[in-house]
Amino acid sequence: MLQNFKIFVYDTSPNPTFSNPIETLFHSSLLKSPLLTSDPDLAHLFYLSLPSDLSSRSIARSIRDLRLKFPFWNRTLGADHFYVSCTGIGIESDRNLVELKKNSIQISCFPTIEGRFIPHKDVTLPPLSRNVEESKNAERFLGFFYGKEGGGISTVLDGLRRDPEFLIESQPLDDGDVAEKISRSRFCLFFYGLGREMKVGEALRGGCVPVVISDSPILDLPFGDVLRWTEIAVFVGMGGGGEELKHVLRRTCGEKYDRMRELGKKASVHFEWDWDGSMTKRYGYGYDAFHTVLYQLWIRRHTIRYSRREEWVSSAHVGV
């Protein structure tokens, strides 16, 4: 991939404003990447720079201008194009936005907004993570939760709040305290949805097996094409409350837990960002978060090329 993949950026001169630092980091990393080409005829994929403050009408106008000025969008109706947007693109009636939503690859932030992620096509960026070192303290909590409560979350946590094996923190902590508590816990609890950040990378790095709690299907886990999430994380519903959660964690302890923890620590390299561009000091070139996202783009580079408008209309209804 690193030798062959070529990406064309339509316009590198503007300095787009993004609402999330992870979007900015991806954008700036891409513009520094040796995979860029100035010859669009050599490109496998085309990058659309869409600032967060663009309105739907402005995005539609941008796509319309592209299809009039360049031949590349019309060849695939945008299926070999990609863009980064933490919030994602919603359902719109404008033809240009429909093609962008249905065909182009969206790189959004995990967890995504409901209804704005198409699993077979889109990918997600992992949240930025603190540096967590594994604790040498032999004493460990069974489970650790840190974050805001609300919705049905309190129902689950109320059954664990007085349990000495669990550490429940809802008040703000500094980064050092959070990292220390992660490293001293066997399992880190994350409630999926409700717009909550899920810094699973920090848990994996600190040797804390992530526990993703949700009653809904989870389709947008970062690096879904690369990681076998069922081997490095536990998935449990909310219906059984705290007692059922504790039972699941107890059942996971032992050899199965040790293997999940070890695999998770190895997988955590994909959640690190190459801050200095060298990728030689710690991880080995090509395994950080940016290059793992690029790999997911690489395996999506083969697109369906529509020869007639009628074929696009038919395919658009099934989410191509």
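## Briefing on a predicted single-chain model

Leaving aside neighbours within four places in sequence, I105 is in contact (heavy atoms within 4.5 Å) with L45, H81, F82, Y83, K121, D122, L297 and R300. This is a predicted model, in which local features need pLDDT of at least 70 and side-chain atom pairs count only at pLDDT 80 or more, while totals for chains, interfaces and linings use all residues. Residues are numbered from 1 along each chain as its sequence is written, and side-chain values use heavy atoms, with hydrogens and water left out.

**Overall make-up**

- The chain has eleven helices and ten strands, where helices (H or I, at least four residues) and strands (E, at least two) are DSSP runs numbered from the N terminus.
- Of the 320 residues in the chain, 53% are buried; buried means under 20% relative accessible area, exposed means over 50%, and partly exposed lies in between, with a 1.4 Å probe and protein chains only.
- Among contacts in the chain between residues at least 6 apart in sequence, 67% join residues that are at least 24 apart.
- The accessible surface of the chain comes to about 15600 Å², with 49% of it belonging to carbon and sulfur atoms; such areas come from the Shrake-Rupley method with a 1.4 Å probe, and for residues only the protein chains shown count as cover.

- I105 is placed in strand 4 and, because its relative accessible area is 2%, it is buried.
- The C-alpha atoms of I105 and D122 are separated by 5.1 Å, although the two residues are 17 residues apart along the chain.
- S108 also has its place in strand 4, which covers residues 105–109, and S108 is buried with a relative accessible area of 1%.
- Not counting residues up to four places away in sequence, S108 touches S85, C86, F117, V123, T124 and L125.

**Disulfides**

- A search of the whole structure finds two disulfides, a disulfide being a pair of cysteine sulfur atoms within 2.5 Å.
- C86 and C109 form a disulfide with their sulfur atoms 1.6 Å apart, and this pair links distant parts of the chain, with C86 in the loop between strand 3 (81–84) and helix 4, and C109 in strand 4, 23 residues apart.
- The torsion about the S-S bond of C86 and C109 is about -45°, so this disulfide is left-handed, and both C86 and C109 are buried.
- C188 and C208 form a disulfide with their sulfur atoms 2.2 Å apart, joining distant parts of the chain: C188 lies in strand 8 (residues 185–191) and C208 in the loop between helix 7 (200–205) and strand 9 (209–213), 20 residues apart.
- The link of C188 and C208 is right-handed, with 120° about the S-S bond; C188 counts as buried at 3% relative accessibility, and C208 counts as buried at 2%.
- When the bonded cysteines of the chain are numbered in sequence order, the pairing is 1-2, 3-4.
- C253 is partly exposed, with a relative accessible area of 25%.

- Helix 4 (residues 95–103) is mostly covered, since seven of its nine residues are buried, namely N96, L97, V98, E99, L100, K101 and N103.
- D94 caps the N-terminal end of helix 4, where a side-chain oxygen lies 2.8 Å from the backbone nitrogen of N96.
- Two packed helices are described by the angle between their axes and the distance between the axes.
- The axes of helix 2 (residues 56–69) and helix 4 come within 8 Å and cross at roughly 85°; axes are lines fitted to C-alpha atoms, for helices over the stretch in contact, and angles run from 0 to 180 degrees between N-to-C directions.
- Helix 2 and helix 4 are therefore roughly perpendicular to each other, and their contact is made by S56, I59, A60, I63, R64 and R67 of helix 2 with R95, N96, L97, E99 and L100 of helix 4.
- For such angles, under 35 degrees counts as roughly parallel, over 145 as roughly antiparallel, 65 to 115 as roughly perpendicular and the rest as oblique.
- The axes of helix 1 (residues 21–31) and helix 10 (residues 289–298) come within 11 Å and cross at roughly 75°, which makes helix 1 roughly perpendicular to helix 10.
- In this pair, F26, S29 and L30 in helix 1 meet F290, V293 and L294 in helix 10.

**An exposed loop residue**

- P164 is found in the loop between helix 5 (153–158) and strand 7 (166–169), and P164 counts as exposed at 70% relative accessibility.
- The C-alpha atoms of P164 and G143, which are 21 residues apart along the chain, are separated by 9.8 Å.

Key: A polar contact is a pair of N or O atoms within 3.5 Å; within protein, one must be able to donate a hydrogen and the other to accept it, and residues adjacent in sequence count only if both atoms are side-chain atoms.
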